[in-house]
Amino acid sequence: MILFILFSTITVKAFDTPNDGGGSITIKAYNVPETVKKALVYRKTEGDTTYTLAGVMSILSYRYVDADSTIKNGKPYYYRVDFYFPDTVISVVSDSPGIAYAQWYDKSKTSSLIFLIVFSTLVLVFIQLAKKDPEGLYIRKIPALDAIDEAVGRSTELGKPTFFVHGLLGITDAGTLAALTILRRVAKKVAEYDTPILVTNFDPIVMTASQETVKQAYTEAGRPDAYNEKNIIYLTYEQFGYTAGVDGLMVREKPGAIFLQGYFFAESLILAETGHSVGAIQIAGTTAKEQLPFFVAACDYVLIGEEMLAASSYIGREPVMLGSVKGADWGKAFLMGIIGIGVVLGTVGAILQSAGNGALMNVFEKILAFF
Amino acid sequence: MHISTNPWVWIAAILTLAIYSFLYKDNPFYKFAEHLFMGLSIGYGAVVLWYNSIIPRLWNPLAHGTSPSRFYLLIPIAIGLLSFGIFSKKYSWLIKYPLAFSVGAYAGFSIPVTFEASIFEQISGTILTKQMMATPWLAISNLIMFVGVITTITYFYFSKHHKGLLGKSARTGIVFLMLAFGASFGYTVMARISLLIGRMQFLLHDWLGIIK
């Protein structure tokens with residue numbers, strides 16, 4: 001009788017896992033007694049006579065996602081779940097087969113879509129404004145950029161080369177693209193002052209882009225004849241091999257100025273300390289927040305995170321870049337506004353809730369859930 | 001003291017000492033280890049690329065696969081081959097296409113992830129809730145965090161002069177940034193010391209057998 005009651009109350013449903021690219025079916029059990037010790041999920045397809053084990057269902061959520069590589073979209077799969085009680089096992093079959101589908105739109109990403117539209121609109125509007133009046137968009141001075149001339153000048157006075165050390169990420173990283181713009185400014189100064197430059201690269205594609213950038217900078221400075229492709233070198237695609245190579249070059253060439261630009265990892269302090277030990281003026285820039293403390297400690301100037309991206313816009317003065325910085329600033333103001341509204345709603349809502357009115361708190365909790 | 005008889009342990013230990021000799025000054029031992037490391041890593045990287053990417057992801061599906069969708073792989077192969085245009089002065093412009101494809105695809109992939117991980121989590125974590133003000137210390141701590149987030153964001157506001165209220169807020173923001181950097185520095189240095197301990201254990205235990 002007890003078994004019958006248990007058997008009759010537990011239900012199992014198999015349905016397409018929502019908001020995914022297909023190839024996955026979710027199996028969910030309802031009304032499961034707390035005494036269940038284990039639950040195993042079995043699967044079969046049309047034409048199969050027996051079920052095969054698919055996996056173990058969580059006895060906390062009573063949910064199992066079957067994302068086996070054999071699951072095909074549009075094909076029905078039948079599920080049975082065996083619930084293990086202390087003294088018996090009960091098998092429950094899903095009330096209908098589960099069929100996997102791919103969804104075109106992931107509803108859980110709606111908040112991202114809304115923010116993307118808001119940010120993109122702001123950026124596009126400011127790009128258009130920048131195209132009409134590039135001088136009208138102000139970008140504040142960044143001290144590390146002014147130091148570029150000082151650093152290259154010092155190298156020239158000392159008769160030492162200038163080093164430009166790229167970070168470890170490829171051309172797809174925004175920091176690497178910003179580093180290339182900064183390299184253009186450095187290379188132009190180097191060409192004007194007739195000082196040797198050495199650019200070290202971790203990524204072969206970044207090396208190719210660096211060669212083009214330096215060549216263009218020398219041409220802009222009116223010194224295309226002074227450009228030497230062999231000064232832009234590839235070392236290796238291994239983190240500490242690259243570090244060892246750059247360190248070796250630093251102590252042998254003894255540069256007067258070192259630019260560490262891009263995304264760095266654990267090698268940041270090793271590079272910055274070696275640069276410091278050879279007495280070079282160092283200007284670092286990275287979007288890697290974990291490595292910024294090391295650069296702040298060991299370098300003379302640092303472009304902190306987004307400063308690096310703004311710096312490239314400041315140098316380039318291109319409408320697209322200027323508009324992006326202005327649009328991103330408005331995006332930040334928008335985010336600060338949301339945080340401020342959230343704080344007011346949360347505080348006032350909590351006070352009103354204490355007084356018996358929970359309506360505002362409900363609105364606040366819905367806003368929090370949206371994120 | 002039980003010195004290792006394994007020749008590989010000896011090679012690893014000697015190369016470790018050769019690299020550490022850089023702490024004194026540049027010398028032929030460091031130069032040897034540096035060039036060996038770089039040469040090996042380039043060779044190793046090429047082998048890893050060949051066996052972990054080209055063979056399983058391109059060659060095997062195309063040469064031995066049966067799925068009709070395997071021919072889709074010819075599209076990225078064709079785009080990737082354009083990168084070799086760089087070796088010709090006449091066709092070096094072709095590299096722009098794989099670069100544009102990589103940058104565009106990566107941006108599309110990373111923007112929603114960045115929104116969720118860096119922006120939404122930060123917003124919901126900064127909005128002060130009733131639970132975050134449960135005790136006086138918790139309330140003070142969360143208020144400091146709230147002020148820290150807002151003032152730090154204002155430091156990264158580039159299109160306005162940092163004067164007046166914005167200037168004061170930005171200066172407060174840089175104080176928060178430096179405090180965070182100091183804390184992060186100390187934390188990471190401790191982690192790096194644990195790496196040194198690991199290497200010392202290798203030298204003193206695995207190689208020389210001085211410690212158990």
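Predicted model: local features only at pLDDT ≥ 70, side-chain atom pairs only at ≥ 80, totals over all residues.
1. Start with the largest nonpolar core, which has 79 residues. The members that touch the most others are A:Val165, A:Ile182, A:Val186, A:Phe259 and A:Leu260. Helix α4 of chain A, residues 174–193, supplies the largest share of this core, with nine residues.

2. Leaving aside residues up to four places away in sequence, A:Val186 touches A:Ile148, A:Val152, A:Thr162, A:Phe164, A:Ile197 and A:Phe259. One of these partners, A:Phe259, is also listed among the core members that touch the most others.

3. Now for the two chains. Helix α10 of chain A (residues 319–354) packs against helix α5 of chain B (residues 136–155), with the axes 10 Å apart and an angle of about 160° between them. Angles over 145 degrees count as roughly antiparallel, so that is how α10(A) runs relative to α5(B). As for handedness, α10(A) and α5(B) make a left-handed crossing.

4. Which residues make that contact? From α10(A) come A:Lys332, A:Met336, A:Ile339 and A:Val343, while α5(B) brings B:Phe146, B:Val149, B:Ile150, B:Ile153 and B:Thr154. By type, the contact between α10(A) and α5(B) has seven nonpolar residues, one polar and one charged.

5. If you're going through backbone torsions, have a look at A:Asn19. Its phi is near 55°, which is a positive value in a residue other than glycine. A:Asn19 sits in the loop between β1 (11–16) and β2 (25–30) of chain A, and with a relative accessible area of 29% it is partly exposed.

6. A:Lys254 also has a positive phi without being a glycine, with a value near 45°. Where is A:Lys254 placed? You'll find A:Lys254 in the loop between α6 (239–253) and β12 (257–261) of chain A. The relative accessible area of A:Lys254 is 40%, making this residue partly exposed.

7. Last one: A:Ser58, in the chain A loop that runs between β4 (52–56) and β5 (63–66). A:Ser58 has 29% relative accessibility and counts as partly exposed.

How values were computed:
Residues numbered from 1 in each chain as written. Chains lettered and ligands numbered in written order. Heavy atoms only, no water. Core = buried A, V, L, I, M, F, W, Y, C linked by side-chain atoms within 4.5 Å. Buried < 20%, exposed > 50% of the residue type's maximum accessible area, 1.4 Å probe, protein only. Helix = DSSP H or I, 4+ residues; strand = E, 2+ residues; numbered from the N terminus. Contact = heavy atoms within 4.5 Å. Axes fitted to C-alpha atoms, helices over the stretch in contact; angles between N-to-C directions. Parallel < 35°, antiparallel > 145°, perpendicular 65-115°, else oblique. Left-handed = near helix turned anticlockwise from the far one by under 90°. Nonpolar A, V, L, I, M, F, W, Y, C, P; charged D, E, K, R; others polar.
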